[in-house]
Amino acid sequence: MNLIEQLRSRREHLKELETQLSSPVVLSDRQKNREVNEAYAAEREVVEVGERYEKAVRDLEGARETISTTKDAELIGMAQQEIADIETRLPALEHDLTIALIPPDPLDTKSIIVEIRAGAGGDESTLFEAELLRTYTLYAETHGWKVELVSANRSDVNGFKEIIVEIKGLNAYSRLKYESGVHRVQRVPETEKAGRVHTSTVTVAILPEVEEVDVKIRPEDLEIQATTSQGAGGQSVNTTYSAVRITHIPTGLMVYCQEERSFKQNKERALSIIRSRVFALEQERLRKEREEARRGQVGTGDRSEKIRTYNFPQDRLTDHRINQNFHNLPAIMNGGLDEIIEELKRAEIEERLSELA
C-alpha cells in the first residue's frame with residue numbers, strides 16, 4: 001500500500017471517529033469519550049500531514065501536465081519553476097508522512113510509575129537519586145502532570161535508597177519511557193575533602209500505569225499482608241495496620257505501601273504497582289523475543305543497561321544509546337530534559353523506519 005492509499009484509509013478512519021464522537025453511547029461513557037477524542041486528535045494530525053504531501057504530489061502532476069500540453073513559453077517556465085520547488089520540498093513531506101503513519105506505541109498516552117533505586121556509590125548514590133526525583137518532578141510540572149508519592153526509603157544523608165512515585169498525565173509514558181536504565185554520575189561529593197571525583201549509579205524504571213483489563217492477576221496469586229508503617233531504620237512509626245505488603249507469588253514481585261492514611265488506599269496503590277510490574281515483565285519477555293535477531297538501540301527499557309553518564313566536572317551529560325553529549329547540567333537537572341528526549345525519539349523513529357524498509 002503506497003502513501004496515498006494509506007492516507008485514504010486513515011481519512012476514512014477519521015470520519016468513523018468523527019461519527020463516534022456524536023454517538024450517544026460514546027457521549028454517555030466518559031472513559032470511552034476520552035479515548036475516542038484522543039484517537040480523533042491523533043488521526044487528524046496524521047491526515048493533516050498527509051494532505052500537505054498529497055497536495056504537493058497533485059501540484060507536481062499538474063505542473064508536468066502543463067508542460068506536456070502547452071506551447072506557451074511563459075507558462076512552461078512557470079511550470080518548470082514550480083516543479084523544481086516541489087521536488088525540493090517533496091522528500092521532506094514524504095518523510096514526515098512516513099513517520100506520521102508509523103503506528104504509535106499504545107502505551108504512550110499512559111500515566112507512569114517511576115521507581116528509582118540507589119546503586120553503587122553509597123551515600124552519594126542516594127543523594128543523586130533524590131536529585132533525579134527532583135528533576136522528574138520539575139519536568140512533570142512543566143507538562144502539567146501530577147506527581148504523587150507512593151513509597152520512600154530514606155537514607156541517613158537526606159537521600160533515598162528507594163523511592164516510588166506516580167506521575168499522572170496524558171503522554172507521560174511517551175516522554176519519560178527513555179529514562180529506564182542505569183544512570184551513572186561522576187562528581188566530587190560534598191563530603192570528599194581531597195576533591196576526588198566519585199562515581200556512583202542509580203537505577204530508574206519507568207512503568208506504564210495499567211488497568212485491570214490490561215493485565216489479569218488472579219486473586220489466589222497474591223499474598224496480602226497488613227502491617228504498621230515503618231520509619232527510617234525500620235522502626236514502626238504508628239501502631240495501626242494501615243500499611244500493606246503485597247507479593248505476587250508466581251513472579252516473587254513484592255510491593256510495600258505506607259504513604260496513604262488507610263489500609264484500603266495503600267492496598268489500591270500497591271495493586272496498581274503490582275499490575276504495572278507484571279505487565280512490564282511480560283513486555284520485557286516479548287521484547288527479548290523480538291530482539292533475538294537484532295537488538296534495538298533506543299527505548300529498550302532494559303534496567304541493566306547503562307544509558308547515561310552525568311559528568312559534573314566537565315558539565316556534560318552523555319547518552320550512550322545515541323552516543324550524543326549535552327551540556328549545561330544545572331539546567332538539565334532543573335527539569336530541562338526535552339532536548340535529550342527529542343533526540344532519543346528521533347533516533348527511535350529512524351530505527352523503526354529502517355526496520356520497515
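I began with N171, which is partly exposed at a relative accessible area of 31% (buried means under 20%, exposed over 50%, and partly exposed in between, with a 1.4 Å probe and protein chains only). N171 sits in the loop between β3 (160-168) and α6 (172-176), and I noted its positive phi of about 70°, although N171 is not a glycine. Most residues other than glycine have a negative phi.

I noted that this is a predicted model, in which local features need pLDDT of at least 70 and side-chain atom pairs count only at pLDDT 80 or more, while totals for chains, interfaces and linings use all residues. Residues are numbered from 1 along each chain as its sequence is written, and side-chain values use heavy atoms, with hydrogens and water left out.

I then looked up D315, in the loop between β9 (306-311) and β10 (316-319), and found a positive phi of about 50° although D315 is not a glycine; D315 is partly exposed, with a relative accessible area of 31%.

Next I turned to strand β5 (residues 198-208), where eight of the 11 residues are buried; strands are DSSP runs of E with at least two residues, and helices are runs of H or I with at least four, numbered from the N terminus. Strand β1 (residues 112-118) runs antiparallel to β5 and is joined to it by seven bridges, with V204 in β5 as the bridge partner of I116. Strand β4 (residues 181-187) is also antiparallel to β5, again through seven bridges, and I found T199 in β5 as the bridge partner of Q186.

Note on methods. Two strands pair if DSSP finds at least two bridges between them.
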